[in-house]
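Take a moment with the sequence and the model before reading on. Then follow the text from one contact to the next.

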Amino acid sequence: MQCCEGGVLVQKIKFYSPLMADFFPTEIYENEEWLNLEGPTMFLGDDLAYYEQEIQQEIARMKTNLAERCTDLKEMVISMIPGAEIVDGKLLGCTEVLLKRHLRQDEMEKLTHFLEKQFSEGWGREFEQREIQARDGFLFIHFWNDEDFALERKDVSEKF
């Protein structure tokens, strides 16, 4: 679906990806001896739904538009904003992409590859270093993982 905005053709796509997190309960995280003995608990999307607000706030603090890093498609990409969204009870990574036009297959593949690289090596690596203080502990969110990573694309264009 597409629409016109100021004479510019726009397509809106959401790219969903699984999220994982290292979670440290407060009492363990604040005690270095326990921290070395216990380590983190791995949380997946269904666990992370409880922490949506804290995670969204931290993502928003970074004020990131990945389009600024995407030189190959800069003529077509208006914005690429990472975020998170609950889908079927699971918190997923959700990057909203606004495009000036529909992309050809090879361009969509470039965009998908770019996002994968950002989550594994670029922005995602920066974000996973950020300590997120939650109600009952501390989270370190991973937008990338080796075992269960896949981007799911959904066209959500609408009239703006």
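Arg-101 and Glu-107 form a salt bridge, with their closest N and O atoms 2.8 Å apart. A salt bridge here is a side-chain nitrogen of Lys or Arg within 4 Å of a carboxyl oxygen of Asp or Glu. Side chains of opposite charge can pair when their charged atoms come close.

This is a predicted model, so local features need pLDDT of at least 70 and side-chain atom pairs count only at pLDDT 80 or more, while totals for chains, interfaces and linings use all residues. Residues are numbered from 1 along each chain as its sequence is written, and side-chain values use heavy atoms, with hydrogens and water left out.

Are the two partners buried or exposed? Arg-101 is partly exposed, at 29% relative accessible area. Glu-107 is buried, at 5%.

Arg-104 is partly exposed, with a relative accessible area of 47%. Asp-106 joins in too: Arg-101, Arg-104, Asp-106 and Glu-107 are linked in a network of salt bridges.

How many salt bridges does the structure hold? The count is ten. Another of them is made by the side chains of Lys-14 and Glu-85, at 2.9 Å from N to O. Lys-14 lies in strand S2 (residues 8–18) and Glu-85 in strand S6 (residues 84–87), so this pair ties together parts that are 71 residues apart in sequence. Lys-14 counts as buried, at 14% relative accessibility. Glu-85 counts as partly exposed, at 24%.

Now stay with strand S2. Gln-11 is found there. Gln-11 is buried, with a relative accessible area of 5%. The side chain of Gln-11 makes a polar contact with the side chain of Asp-155, at 3.0 Å. A polar contact is a pair of N or O atoms within 3.5 Å; within protein, one must be able to donate a hydrogen and the other to accept it, and residues adjacent in sequence count only if both atoms are side-chain atoms.

Ser-17 is in strand S2 as well. Ser-17 is buried, with a relative accessible area of 2%. What does Ser-17 touch, not counting residues up to four places away in sequence? The list is Leu-92, Gly-93, Phe-119, Phe-143, Phe-149, Ala-150 and Leu-151. Contact means heavy atoms within 4.5 Å.

Next, look at a loop. Arg-135 sits between strand S8 (132–133) and strand S9 (137–142). Arg-135 is partly exposed, at 48% relative accessible area. Leaving out residues up to four places away in sequence, Arg-135 touches Tyr-50, Tyr-51 and Glu-54. The side chain of Arg-135 reaches the backbone oxygen of Tyr-50 at 2.5 Å. A polar contact of 2.8 Å also joins the side chains of Arg-135 and Glu-54. Arg-135 and Ala-84 are 51 residues apart in sequence, and their C-alpha atoms are 18 Å apart in space.

Where is Glu-52 found? Glu-52 is in helix H4 (residues 52–62). Glu-52 is partly exposed, with a relative accessible area of 25%. Neighbours within four places in sequence aside, Glu-52 is in contact with Ala-84, Ile-86 and Leu-91.

Finally, step back to the whole chain. There are six helices and ten strands. Both are DSSP runs, numbered from the N terminus: helices are H or I with at least four residues, strands are E with at least two. The C-alpha trace spans about 60 × 25 × 25 Å along its principal axes. Of the 160 residues in the chain, 49% are buried. Among contacts with a separation of 6 or more, 70% come from residues 24 or more positions apart.

Technical notes
Buried < 20%, exposed > 50% of the residue type's maximum accessible area, 1.4 Å probe, protein only.
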